[in-house]
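Dear colleague,

I am handing over the structure below, and after it you will find notes on what turned up in it. Please keep the model open while you read.

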Amino acid sequence: MIKIINIELYKIFKKWRTYIGFIAIAVLVPIIQVAMLIEGEQSLDFMTRNLQQSFIFVGNLLNGYLISYLILNALTIHIPFLVALVAGDLLAGEATAGTYRLLITRPVSRFKLVTSKFFAGIIYTNLLVLWLAILSLGLGIIIFSVGELIVIKTSTVIIFARGDVFWRFILAYGFAALSMSVVASLAFLFSALVENAIGPIVSTMAVIIVFVIISAIEINIFEAIQPYLFTSYMASWRLFFDDPIDFAEIAKSCLILAGHVLFFFGLAAYIFKRKDILT
Amino acid sequence: MTDKIIEVSNLSKQFKEVKAVNNLSLNVFRGDVFGFLGPNGAGKSTTIRMLLSLISPTEGDIKIFGKPLKAKRNDILRKIGAIVEKPDFYGYLSAFKNLEILGKLSGTNTSKNKIMETLELVGLEKRFKSKVKTYSHGMKQRLGIAQALLHDPDLIILDEPTTGLDPQGMKEIRELILYLSKEKNKTIFLSSHILYEVELVANRMIILNKGTTQVEGYVEDLLNANELKVTFRVGDKEKALKLINENYWIKKLESQIEDRFVFNLAPEEISVLNKYFVQNDIPVNAVVPMRSLEEYFLKLTDKEA
């Protein structure tokens, strides 16, 4: 199995499209950081304007942690596209290229093949999140240095001491990796269904966008279905920036997301195992 | 060890309303070069896909090397090399890397020497570093053969292996098939709609049309069991025509254009007719038999059309 995963990873990283995600993050994150370097003080001032009437802020609030926190907020919509770009191509790409025939006539079970491809896709997804973490947090700390992290929520403002932040980010990025693994699994499932890689990418993004909109709108009908949408749990990384942290809620979200990963993969494997290869 | 390498019984495949393969049975024996003939859409590729477990049969059984394909898929595929339809590869990788990956998946030796040896066999050793997307169709076809041979399989399934090749390339593939069969004792299952190609290399064959078997047997027997189309070019066409009209040979005459008389004859009748012309002072300038599988094949498939 490890041999096949290595082969799949080799194939993934020999494709140009694989690097689009890494390049996009490498471009986007520094742009945000440079923008914050130029206008960050004004933005922070704007964000805390109401609070400044009651509190006096001292210390380095515009720091690498804050930048990384803001970038993580962008994760829900933008990173899924980059994930789907590769995960949606894993099976459908073989169909489009006609290489299913080469692959499936090897003495390797279809389950092993599909599982190896899935793991390779998950590894890619985690590397992409790691890259985001390195650039947003690492580069952010180099440019802005560390400091206290101010987190403004609907009814509360929390300021974390500089020594109390880094581990939260590690856990938050870990959670983000799980969230993105759900996206990868969904794209992988769509990829097993069709024979053109564009379909899975577009379908995955359509599902994410629709679900995120439903998850965000607070009206009764939507609120009733929100607990059943996996996107409702994808933003639970924010819980790591609560005090105290609601670990029970985080554990529940993790279980639900992991359940989705398993379900999407299981369904993809079932479809792939029974699929007639006609391309 | 069984001598039946492929044993197909009552195989059918239904795609919605279309029955691509209908109750097909065939046997391929050790050492055969088995011609699998049929026009486009006859069900050849569907059958090959079922033999390679790319698609599941709707009905019927497949045994390869005496083992049921469904239960022993991996054991069987380990000993099969195949080209299925057009040769597609990972275009963004080199030929060498493609073979290395496929070899690893087949669990075979993927040393540089072994891969280069296989590439040399198909004449691609000088382009081993080039990305496959830069290859011509003919080169991809050769690479397809290389990947089929890399793991030294006992059974080689070739689906239209000469498609897209120039005449020289086609000849080389035919020679390679004969070499693999005679020198390496491989069993070869060769699908083609180019009948001449099969006639030159196969010892046994089946003709498939609209998913059903038309005929199966030894190529030589099948050819001899049928009448041949023979053209006689004669010196005195008026006299010849008059003579033919007066006797048995008129029943055998298919057409006449100028001095060319085309007859449908059993092999032993050719010399009799030739003698008859000569004895009646009609010079015979040429006797051109059109004894080919193609004629036979067209006859069968036309009947169905």
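**Sheets, helices and cavities**

In chain B, strand S3 (residues 33-37) and strand S9 (residues 204-209) run parallel and are joined by four bridges, where strands (E, at least two residues) and helices (H or I, at least four residues) are DSSP runs numbered from the N terminus, and two strands pair if DSSP finds at least two bridges between them. One pair of partners here is B:Phe36 and B:Ile206, the latter lying in S9(B).

This is a predicted model, in which local features need pLDDT of at least 70 and side-chain atom pairs count only at pLDDT 80 or more, while totals for chains, interfaces and linings use all residues. Residues are numbered from 1 along each chain as its sequence is written, chains are lettered from A and ligands numbered from 1 in the order in which they are written, and side-chain values use heavy atoms, with hydrogens and water left out.

S3 and S9 belong to an open sheet of six strands in chain B, with the order S6-S7-S8-S3-S9-S10 and mixed pairing. Strand S6 (80-83) and strand S10 (212-218) of chain B each have a single partner strand, so one side of each is left without a neighbour in the sheet.

Helix H1 of chain B lies across S3, S7, S8 and S9 of chain B, at about 145° to S8(B); contact means heavy atoms within 4.5 Å, and angles run from 0 to 180 degrees between N-to-C directions of axes, which are lines fitted to C-alpha atoms, for helices over the stretch in contact. Helix H5 (residues 137-149) of chain B touches S6 and S7 of chain B, and its direction makes about 165° with that of S6(B).

Chain B also has an open sheet of four strands, in the order S2-S1-S4-S5, whose pairing is antiparallel. Within this sheet, eight bridges join S1(B) to S2(B), and B:Gln14 stands opposite B:Lys19 in S2(B). H1(B), residues 44-51, lies across S1, S2 and S4 of chain B as well, running at about 120° to S1(B).

Lastly, there are four cavities of 30 Å³ or more, a cavity being a set of points on a 1 Å grid over the protein atoms alone where a 1.4 Å probe fits but cannot get out, with lining residues having an atom within 4 Å of a point. The largest cavity has a volume of about 110 Å³, a volume being the space filled by probe spheres set on the points, which are joined across faces, edges and corners. Among the 14 residues that line the largest cavity, those closest to its centre are A:Leu102, B:Ala82, B:Ile83, B:Val84 and B:Gln147.

Best wishes

Definitions and conventions. 1 Å grid on protein atoms, 1.4 Å probe; cavity = no way out; pocket = protein on both sides within 12 Å on 5 of 7 lines; lining within 4 Å.
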